[in-house]
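This briefing concerns the structure shown below. Please keep the sequence and the model in view while reading.

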Amino acid sequence: MTKKKSVRNYLPVLAFAITLFLFLSVIIIGNILNNERQDFVAEEMQKMYSDFNSMQTLSLIMGDYDDEMVCIAFESKLQELDSYIWTLAEKIDKYRIVTEEFQKDEFYLKQKKTFNENEIFYYLMMRKMNRQCDMSKEPLLFFYQNSFDCKKCDDQSFVLTDINEDDDDLENEVAIFSLDVDLNISAIDMMTKYYEIDEYPCLIFSDGTRMCGMMDKTIIERKLCEINPELMICEELNQET
Amino acid sequence: MNIWFNALMYLVWFLATFYSVYFFLTLAIYRKDLFEKRKLPRSFRPRVTFLIPAYNEAKSIADSIKSMKKVSYENIEFIVLNDGSKDDTAKIVIENIKGDDRFSFINNTDNKGKAGVLNQGIKVCTGDFVACMDADSVVEPNIVQKVIPYFLDKKTGAVTVSVEVKNPKSFLQKAMAVEFAIGLSLFLKIFSYLKCVFVTPGPFSMYRKSMLNEIGGYDETNITEDHEIAFRVHKSNYNIENCIDARVYTILPRTFKELYVQRRRWYSGAIQTFMKHKKMMFRKESGFFGVYIPFHYTLIILGLFTFLASIYLSVSRFIREILYYQYTGFNFFNHFSFSLDPLMYGRVNLLGSSLLAAGIVLMVVGIIVTRRKFRNYNLGLLGYPLLFILYQIYWGSAIWNAINNKKVKWR
């Protein structure tokens, strides 16, 4: 009993040491997961670069080779890219939230910047191919700010996710490009000036129509169908009405 | 808000883990002694008095008396104290104790409160040791033989026993049965090793009469007299022991409303007691008790803040998402995905999950080391973690009442 009593005196120190060990283990596991997340994002971004490079190559060889073949290859690449680019954007955002517990993580900020720059590239490439290959992919630009300065931007993002889900279930005909104006990317700044955007969220349709402020799903879908009545989502919209 | 919530999570995790580790280490050291049987020497047969305060206990007191009649210790007296019951308690007591001269009955027509009648009993009883027992509880026949040897140590002022649930029927009672098996059995035992038992449960606790006289009996102004007296036992440098092997069976609230009334009293009484004895804290003479109690309440308050912050964050997120759906014609299916991504686990999630895991381990270990059977609890094992959500609400209500100086009555 005396031995136990003497051991008992050391219990607080021992308990503290074990707690500290467990705490450090959680921190280390957390760091491992952070690294895994960063590796995953970096890998996916690399995949995206590679796809963009392929598209750029296809764009450059257009005119010198069989345009029809190039267009088929381009369209297939576009479909492939479209299938994961939205998910990647979502993952970057979610992983950033999970990782950033006390301060902004530079890695995700950098990735987001690169991602947005590539989105503009992807958008421009798609416009070009739409013209040259007579493709019916409908682009939609979504300009947004952080949720503190723009209370409705998250709401608008939710609506666009919903439209994107509907579109994925059908023919994947709409390509939504989310552009964060807080990132100070010169191309995005230039586009906001070009489209004279002074209110967020703001949507720019392929015919140049600007819709700023919160728009619900039906309004956006109606506008998309007005521009391109061949879209599959229009069939559903017509059935509903 | 999220940064504050994260910081709070880290702090709560550290304190709660330290608490759990401390508990498990103590358990590991003393695991073989938990059910240690203390021998009752032939020369030690002190007189024992059972005090049974009763207020409107017509439904349960007959069973209680029946169990007392089976108590096999010889040098004993039982005093039933009516506390101005408005039902047939007095009549039932008289009928049931007839012919047994170990029993006596004090029939108060006015209501003195539980502490008041217990003090009345302490004054008139002839025992060297006084067992205070609730009128809705039943005891095992050899409870005195198991408990009394602990008083061979002159420093022992009180001895608690394992509080079990009598015939748990509802889901709530089954969940509480698990809570009692751990909280009012194993925890009390571990606390007794650490000299920080902070309650001598009302269903059954035995006291040294000379100590009761020394500390002036129960505090009649306190709504949790069994909690308050424990503080004064420590203050008078006596120890509170626990005999895990001795059991008392008590009736628990059947409905959430009854549970709320019970816990509102317990938690309000805990605040009342803490405020009364706050000067005992961090004093050398209070020993480990003076450090443990503030730590315990700090953890409860921080836990409450964490709970409120998580509720606020979850509810605001839920409302925000519901509002999102108004823009999409309430199409819920597009946003449901069941893919499990382990990378979505951040440090705060890890901290939360490890606490939950520790809680489950504690429950399992608690049932095993106290030699209980899992099959006796069934659904209660699932309900036990849910009780913690309820208790946060009840703690919140008790703190709110204390801040607003609102008095909570015993009944």
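In strand 8 of chain B, Val248(B) is the bridge partner of Val139(B). The model is a predicted one, in which local features need pLDDT of at least 70, side-chain atom pairs count only at pLDDT 80 or more, and totals for chains, interfaces and linings use all residues. Residues are numbered from 1 along each chain as its sequence is written, while chains are lettered from A and ligands numbered from 1 in the order in which they are written.

**Sheet of chain B**

- Two bridges join strand 5 of chain B to strand 8 (residues 239-250) of chain B, and these strands run antiparallel; two strands pair if DSSP finds at least two bridges between them.
- Both strands belong to an open sheet of eight strands in chain B, with the order 3-2-1-4-7-6-8-5 and mixed pairing.
- Strand 3 (103-108) and strand 5 (138-139) of chain B are the edge strands, each pairing on one side only.

**Overall form of chain B**

- Chain B has 12 helices and eight strands; helices (H or I, at least four residues) and strands (E, at least two) are DSSP runs, numbered from the N terminus.
- The C-alpha trace of chain B spans about 80 × 45 × 45 Å along its principal axes.
- Of the 411 residues of chain B, 41% count as buried; a residue is buried if 20 or more other C-beta atoms lie within 10 Å of its own, exposed if 12 or fewer, and partly exposed in between, with C-beta atoms placed from the backbone.
- Among contacts in chain B with a separation of 6 or more, 85% are between residues 24 or more positions apart; two residues are in contact if their C-beta atoms, placed from the backbone, lie within 7 Å.

**Nonpolar cores**

- The largest nonpolar core has 90 residues, and those with the most contacts inside it are Leu51(B), Ile52(B), Val130(B), Ala131(B) and Val147(B); such a core is a set of buried Ala, Val, Leu, Ile, Met, Phe, Trp, Tyr and Cys residues joined through C-beta atoms within 7 Å.
- Helix 6 (residues 171-193) of chain B gives the most to this core, with 14 residues.
- A second, separate core of 37 residues includes Phe74(A), Tyr122(A), Ile220(A) and Tyr327(B).

**Contact between chains A and B**

- The contact takes 34 residues from chain A and 26 residues from chain B.
- Helix 1 of chain A supplies the largest share of the side of chain A that touches chain B, 20 residues.
- By class, this side of chain A has 19 nonpolar, three polar and 12 charged residues; Ala, Val, Leu, Ile, Met, Phe, Trp, Tyr, Cys and Pro count as nonpolar, Asp, Glu, Lys and Arg as charged, and the others, Gly among them, as polar.

- Chain A is divided into domain 1 (1-129) and domain 2 (136-241), with bounds that come from an automatic or database domain assignment.
- The C-alpha centres of domain 1 and domain 2 of chain A lie 24 Å apart, and the contact takes 14 residues from domain 1 of chain A and 14 residues from domain 2 of chain A.
- Thr57(A) is placed in helix 1 (residues 2-61) of chain A.
- Thr57(A) is partly exposed because 13 other C-beta atoms lie within 10 Å.
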